[in-house]
Amino acid sequence: MPLREDVDDLPSLMQALQGNVLQQSLDTRGCRLVQRALALSDDAGRARLANELRGHVCEATESPNANFVIQRLIELMKPASI
C-alpha cells in the first residue's frame with residue numbers, strides 16, 4: 001500500500017522512509033512525505049531523518065524538491081541540532 005501525503009500514521013511513515021530519506025527528498029511526491037514525517041516527529045525522529053541527509057545537503061539544496069525538506073528541517077529543528 002503506497003503512502004499518502006495526508007498519512008497521520010507516523011510509525012508507518014518513519015518505517016517507509018528509513019534508509020530512503022535522500023531518495024524520497026529528491027522526488028516530487030517523496031519530499032512531501034519527508035516533510036510530513038518531520039512535522040509529525042519529535043526532536044529525536046527529526047534527527048534520525050536529518051542524519052540520512054548528512055553529506056548530501058548541497059545536493060539537497062540544489063534540488064527543486066529536496067530544498068523544501070532542508071527548509072523544513074531548519075524551521076523545525078533546534079539550532080543546536082542542525
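A nonpolar core is here a set of buried Ala, Val, Leu, Ile, Met, Phe, Trp, Tyr and Cys residues that are joined through side-chain atoms within 4.5 Å. In this predicted model, the largest such core has 19 residues, and those with the most contacts inside it are Leu17, Leu49, Leu53, Val69 and Leu73.

Leu73, one of the core residues with the most contacts, touches Leu38, Arg46, Ala50, Leu53 and Ile82 when residues up to four places away in sequence are not counted.

The 13 residues of α3 should span 18 Å at 1.5 Å a residue, and this agrees with its end C-alpha atoms, which are 19 Å apart. The buried residues of α3 are Gly30, Cys31, Leu33, Val34, Ala37 and Leu38; because they cover an arc of only 160° around the axis, they lie on the same side of α3. What covers these buried residues includes α1, α2, α4 and α6. At the start of α3, a side-chain oxygen of Asp27 comes to within 3.1 Å of the backbone nitrogen of Arg29.

Asn67 has its place in helix α6, and it counts as buried because its relative accessibility is 17%, the cut-off being under 20%. The side chain of Asn67 makes a polar contact with the side chain of Gln71 (2.8 Å), and Asn67 also touches Ala60 and Thr61, not counting residues up to four places away in sequence.

Conventions: Residues are numbered from 1 along each chain as its sequence is written. This is a predicted model: local features need pLDDT of at least 70, side-chain atom pairs count only at pLDDT 80 or more; totals for chains, interfaces and linings use all residues. Side-chain values use heavy atoms; hydrogens and water are left out. Buried means under 20% relative accessible area, exposed over 50%, partly exposed in between (1.4 Å probe, protein chains only). Contact means heavy atoms within 4.5 Å. Helices (H or I, at least four residues) and strands (E, at least two) are DSSP runs, numbered from the N terminus. The expected span of a helix is 1.5 Å times one less than its number of residues. The arc is that of the directions from the helix axis to the C-beta atoms. A polar contact is a pair of N or O atoms within 3.5 Å; within protein, one must be able to donate a hydrogen and the other to accept it, and residues adjacent in sequence count only if both atoms are side-chain atoms.
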